[in-house]
Amino acid sequence: MNSASYGTFSKELHERQSGRRTPAQVSIEVTRRCPLECLHCYNNLPMGDQAARAQELTFEQHCKLLDDLVEAGSLWILYTGGEIFARPDFLKIYTEAKKRGFLITLFTNGTLITPKIADYLAEWRPFSIEITLYGGTRETYEALTRIPGSYDRCIRGIRLLLDRKLPLKLKTVPTRINKHEVYEMKRMAEEDFGVQFKFDPLINPRIDCSQSPLAVRLSAEEAVELDFLDRRREKEYRELVEKLLAAGPPSAEQAKNVYGCGGGSSSCAIDPAGRMSICLLSHQEGYDIRSGGFREGWEGPLQTIRNKPSKGPTICSRCQLRPMCGMCPANGELENGDPEKPVEFLCQVAHLRMYALGHEVPEHGNCANCKPGEAREALLAAAARIRKSMADPLRFEIAKAEEPFKILQTHETCGTGACTSCGAGAL
């Protein structure tokens with residue numbers, strides 16, 4: 001039997017599907033209920049929210065969805081929440097997906113994992129499990145989650161999975177509460193637990209339009225300084241900048257539609273109530289799969305949404321920095337109520353990364369962060385401070401990492417670690 005690495009298999013499959021519209025990757029929120037009350041979360045609801053529970057797809061409806069996905073040619077499934085194990089029947093749903101041959105990734109906070117759940121996952125192994133850490137100490141972790149005892153339950157869940165040699169990765173979302181422990185979390189992941197670690201500083205407003213998570217979002221300067229504490233991460237950004245500058249600005253063809261990611265082309269999302277959308281963060285437009293079915297939604301409304309023409313050029317349309325900022329229509333929807341209105345935080349982060357690395361930003365329209373003025377001067381001053389910290393010989397450097405960080409690649413995790421619309425989740 002011929003064999004190949006997963007990376008080779010995934011690459012070849014994506015190449016074969018190039019130019020074809022197939023929902024290869026589907027993200028499924030099984031619930032938005034969660035035992036934690038994280039200050040930065042965009043969609044969590046209380047565990048006892050009976051109204052939310054009543055709206056969730058039933059076990060039978062999940063099985064019907066899985067059959068539809070088999071017929072549609074889907075291969076990768078991401079199960080996320082809320083907290084997936086908040087549903088007592090989640091393992092039943094998961095088992096049905098495994099029986100149908102899907103490659104499954106599980107997003108969880110780890111606090112509800114028991115020996116019984118870990119044993120079951122060891123028997124029915126997922127492709128990958130990702131647990132989010134919220135702090136490197138109990139005090140910081142629980143300051144963000146607001147639930148006493150949650151740190152110990154999370155660490156217990158991590159150890160239960162590792163004891164069974166399950167494929168685990170750890171990640172975090174840096175906030176004003178835990179930013180000082182991001183690299184301690186990385187050390188814990190790599191040295192104490194022997195697993196990969198990643199982080200993304202993007203925090204979005206809640207899907208109910210509340211702006212409350214933004215209260216703990218880092219400033220652009222804090223986010224970029226955190227990036228460049230690590231020389232390897234800095235090196236990857238330098239390489240990315242060289243590629244972006246060499247590639248030139250996006251073409252008019254690339255900017256003609258609202259959506260340029262894989263959402264609606266190679267991926268989509270299903271929320272707990274069965275509403276199908278471009279991705280987990282996008283909620284302005286969608287389709288209720290209970291009214292017709294997955295294929296009807298994929299071939300009808302979702303294709304229409306995917307092909308939606310842009311209302312006109314913005315400062316993003318010709319910007320070469322898009323992969324540096326991670327801006328996507330879903331971010332615009334959540335923060336500005338408009339998928340085509342740039343998110344200022346992301347724009348500042350992209351420009352500041354460029355300035356801190358010693359580059360000017362290629363002209364791309366009437367951008368306040370480029371043209372002479374107060375905004376640009378503030379970013380240049382921040383860049384000078386960041387370069388000073390980068391010159392510190394004592395700054396953090398990863399000495400034992402097996403491979404460099406994977407930096408943000410065109411909306412890789414969208415802040416939640418949930419978005420796979422760019423294909424990054426499958427590669």
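Student: Where is the closest cysteine sulfur to the one in Cys 367?
Tutor: It belongs to Cys 370, and the two sulfurs are 3.7 Å apart, too far for a bond. Keep in mind that this is a predicted model.

Student: OK, and how many disulfides does the structure hold?
Tutor: The structure has zero disulfides.

Student: Is Cys 367 buried or exposed?
Tutor: Cys 367 is buried, with a relative accessibility of 1%. Cys 209, on the other hand, is exposed, at 61% relative accessible area.

Student: Switching to helices: how do H4 and H5 sit relative to each other?
Tutor: They are roughly parallel. The axes of H4, residues 90-99, and H5, residues 115-123, come within 12 Å and cross at roughly 5 degrees.

Student: Which residues make that contact?
Tutor: From H4 you have Leu 91, Tyr 94 and Thr 95, while H5 brings Ile 117, Tyr 120 and Leu 121. By class, that contact of H4 with H5 has five nonpolar residues, one polar and no charged ones.

Student: Nice. Zooming out, what secondary structure does the protein have?
Tutor: There are 16 helices and eleven strands.

Student: And how much of the protein is buried?
Tutor: Of its 427 residues, 54% count as buried. The accessible surface of the protein is about 18,500 Å², and carbon and sulfur atoms account for 52% of that.

Student: What about contacts along the sequence?
Tutor: Taking contacts between residues at least 6 apart in sequence, 73% join residues at least 24 apart.

Note on methods:
Residues numbered from 1 in each chain as written. Predicted model: local features only at pLDDT ≥ 70, side-chain atom pairs only at ≥ 80, totals over all residues. Heavy atoms only, no water. Helix = DSSP H or I, 4+ residues; strand = E, 2+ residues; numbered from the N terminus. Buried < 20%, exposed > 50% of the residue type's maximum accessible area, 1.4 Å probe, protein only. Contact = heavy atoms within 4.5 Å. Areas by Shrake-Rupley, 256 points an atom, 1.4 Å probe, with all protein chains shown as cover. Axes fitted to C-alpha atoms, helices over the stretch in contact; angles between N-to-C directions. Parallel < 35°, antiparallel > 145°, perpendicular 65-115°, else oblique. Nonpolar A, V, L, I, M, F, W, Y, C, P; charged D, E, K, R; others polar. Disulfide = S-S within 2.5 Å.
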